[in-house]
Structures are given as C-alpha cells and as structure tokens.
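Biologist: I would like to learn how to read a structure. Can we go through one together?

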Amino acid sequence: MLRRVCYMTVLLAAFLLMSCVKDDIRRGNDALRIGDYDRAIANFSKALDSDPANRDARYGLALSYYAEAEDAERLKDSSFARWNRTAHEFKILSALDSSGSIDANYSTCLFYLARVTLNHDASANVLPLLNKSIQLDSLNFFSHNLKGLILAQSGNVEDVNNAKNIFIHIVTREPQFVSAYINLGNIYWDEGDVESAWDTWSAGLQKAPTNKSLIYWTRVAEDSLKSMVLSGRL
C-alpha cells in the first residue's frame, strides 16, 4: 500500500511539473508574440530550469534572443554579446530538433554573428561561422557574399578565384542581389579586366538603375574602355 502511495505521489509531482512547464511556455509565447522579450526570456528560462531538454521552451528562448537581437540590429545597436548568446541557444536547440525547421533562423543568426565579430575584430576568422551558416541554408546569399568578400580581400590567388565563383553563383541564383555585382566587378577591375568589370557592373545596373555605386563605376569602366579603344589597346 505504501509503495502504491509513493508511486501515485511521484506521478502527481511529475504531472504538476509538466503542467507548470507548459504554463511557462504558454506565457513565454504570449510575451514573445507581443514583443515583450524580457518576459518571454524569463518564462522560457523558467521552463528550462525545470526541463532543460524541453524543445519548445528551448525554441522559444532561441527565438526570443533572436528577435531581441534583430530589433537591436534594425536600430543600429548590434552587439557581439546578443548574437553570440542567440547562436549558443540555437546550437543547443539543434541537438534537440533535427527537423530542419530552425535552420534558416540559425543560419541568419550565424551571419549576423560573423558580421558583428568582424566589426569587433577585423582580423577574426569568421569563415567557420559562414560555412556553417551556408551549410544550414544554401540560399543565405548574405553569408555567401560576406564569405566572398573575405576571400577576395585575402590577396591569395586561389581565394580570389573562389570569391569570383561565389559572386557568380549569387548573381546566377539571385539576380537581384546587387552587392554581388559590385563585388564581382571590383575583382575584375583590380585584375585589370576592364571589359569584364564593365559587363558585370552594367548587368547590376540593369537590376538596380538608381544604385549610386553601380552608376559611378559603370561610367568609370566605360570611360576606361573608350580610352583603351582610342589608344589602340583594345
């Protein structure tokens, strides 16, 4: 009889704990939905204190940190600490959720973390972050583009060629991604390939006719081509 009573007590305690966790998650989701990130984080954290492996609570906490960091990003108040904390939560969450539903957000988080890391330390090696970001979401062209920029600036011939391939890949898959036209044209220009630079910037200008950088550099390349023709170099 005593054993039965103990068993029932354990079951009741487990039920009450599960009920409390569900309530914390519900309150966290309500707070997250209205943008009250502090309360969302507090409630999801409380749920995780009771059940650290709870996928829904962990997902809610990761999304809360992500939304908070993204809001700060829009206000030009990006910080390494925010994105690093968010990436940490997504990393834990990825061990609990292999469905792929979190991959796009996790990928974007790693892009922002890479960018803010470079702002903090221009010499930091963020390629592992970008490679992981691209692995999670092959359509994250912001990560592709930042990786291309880093490789292009290395001065290594192989890296520069890889950067070219990255920018070509971007404009082929996402023709409206204007920065890739600018960056690819820059590489050709630095190599002295004025024709390819003009072709690339002109193609970008067709997609973004008001882009000041493309307007300027297309004109510069065009003037250079005219000069080459007049001098017999082309």
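**Helix packing and cysteines**

Modeller: Start with a contact, meaning heavy atoms within 4.5 Å. Asn145, Leu149 and Ala152 in α7 touch Ser179, Ala180, Asn183 and Ile187 in α9. Of the residues in this contact, four are nonpolar, three polar and none charged. This is a predicted model: local features need pLDDT of at least 70, side-chain atom pairs count only at pLDDT 80 or more, and totals for chains, interfaces and linings use all residues. Residues are numbered from 1 along each chain as its sequence is written, and side-chain values use heavy atoms, with hydrogens and water left out.

Biologist: How is a pair of packed helices described?

Modeller: By the angle between their axes and the distance between the axes. Here, the axes of α7 (residues 141-152) and α9 (residues 178-190) come within 11 Å and cross at roughly 15°. The two helices are therefore roughly parallel (angles under 35 degrees). The crossing of α7 past α9 is left-handed: the near helix is turned anticlockwise from the far one by less than a right angle.

Biologist: How many disulfides does a search of the whole structure find?

Modeller: A disulfide is a covalent bond between the sulfur atoms of two cysteines. The test is a pair of cysteine sulfur atoms within 2.5 Å. The search finds zero.

Biologist: Is Cys109 buried or exposed?

Modeller: Buried means under 20% relative accessible area, exposed over 50%, partly exposed in between (1.4 Å probe, protein chains only). Cys109 is at 0%, so it counts as buried. Cys20 is at 44%, so it counts as partly exposed.

Note on methods
Axes fitted to C-alpha atoms, helices over the stretch in contact; angles between N-to-C directions. Helix = DSSP H or I, 4+ residues; strand = E, 2+ residues; numbered from the N terminus. Parallel < 35°, antiparallel > 145°, perpendicular 65-115°, else oblique. Nonpolar A, V, L, I, M, F, W, Y, C, P; charged D, E, K, R; others polar.
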